[in-house]
Amino acid sequence: MSFYSFEEEYYEKGYKNICGIDEVGRGCLFGDVVSAAVIMPRGEFIEGVNDSKKLSPKKREELYLKILESALAVGIGRASADIIDKVNIRMATHISMINALENLRDSENKKIEADCVLIDAETIETGIFQKA
């Protein structure tokens, strides 16, 4: 099953603002964990989007700009190294992801609510339907 057919399953169930969330920094020894939440228009596929670790810095930058151009909403969340030290990396990742969800904004800075969240291998503390 491709990423897109998985998402399409939730559109067919009636969800409209399907949000994908992923994080960076979880495997690092030092620094913050940062998460991005993105809602793309239904059927909008950007060729080349993949695991960022598999992409060159140049390709990541190109795709970043294309995502910002196309996305219905983008949100960024962060948990500092101090938070990681206090609660552990897993819980800090959840905090970062929840912050990203709460920060979802469209291109005019209007708050957008997700009604379905797709997350790589995690579930977070939110009332929004989610699939890990």
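Is Y15 buried, exposed or partly exposed, and what is its relative accessible area? In this predicted model, Y15 turns out to be partly exposed, with a relative accessible area of 22%. That value lies just past a boundary, because buried means under 20% relative accessible area.

Start with the aromatic rings. A pair of aromatic rings is described by the distance of the centres and the angle of the planes. The model has three aromatic pairs. In one of them, the ring centres of Y10 and Y15 are 6.2 Å apart and the planes meet at 55 degrees, so this pair is tilted. The label follows from the cut-offs, because planes under 30 degrees apart count as stacked and those over 60 as edge-to-face.

Now turn to the partner. Y10 is buried, at a relative accessible area of 4%, whereas Y15 is partly exposed. Y10 also pairs with F129, and here too the geometry is tilted: the centres are 5.6 Å apart and there are 45 degrees between the planes. If you trace this pair on the structure, you will see that it links distant parts of the chain. As for F129, its relative accessibility of 34% makes it partly exposed. Put together, Y10, Y15 and F129 make up one aromatic cluster.

Next come the cysteines. How many disulfides does the structure hold? The count is zero. To see why, look at C19: the closest cysteine sulfur to its own is that of C116, and at 8.9 Å it is too far for a bond. The cut-off makes the case plain, because a disulfide needs its two sulfur atoms within 2.5 Å.

Which residues make a nonpolar surface patch of about 290 Å²? They are Y64, L65 and L68. Of these, L68 can be found in helix 2 (residues 57-70). L68 is partly exposed, with a relative accessible area of 40%. That value lets L68 count towards a patch, because patch residues need over 30% relative accessible area.

Key
Residues are numbered from 1 along each chain as its sequence is written. This is a predicted model: local features need pLDDT of at least 70, side-chain atom pairs count only at pLDDT 80 or more; totals for chains, interfaces and linings use all residues. Side-chain values use heavy atoms; hydrogens and water are left out. Rings of Phe, Tyr and Trp (its six-membered ring) pair if their centres lie within 6.5 Å; planes under 30 degrees apart count as stacked, over 60 as edge-to-face and the rest as tilted. Buried means under 20% relative accessible area, exposed over 50%, partly exposed in between (1.4 Å probe, protein chains only). Helices (H or I, at least four residues) and strands (E, at least two) are DSSP runs, numbered from the N terminus. Patches are made of residues with over 30% relative accessible area and no salt bridge: like charges are joined within 9 Å, nonpolar side chains (Val, Leu, Ile, Met, Phe, Trp, Tyr) within 5 Å. Accessible areas come from the Shrake-Rupley method with a 1.4 Å probe; for residues, only the protein chains shown count as cover. A salt bridge is a side-chain nitrogen of Lys or Arg within 4 Å of a carboxyl oxygen of Asp or Glu.
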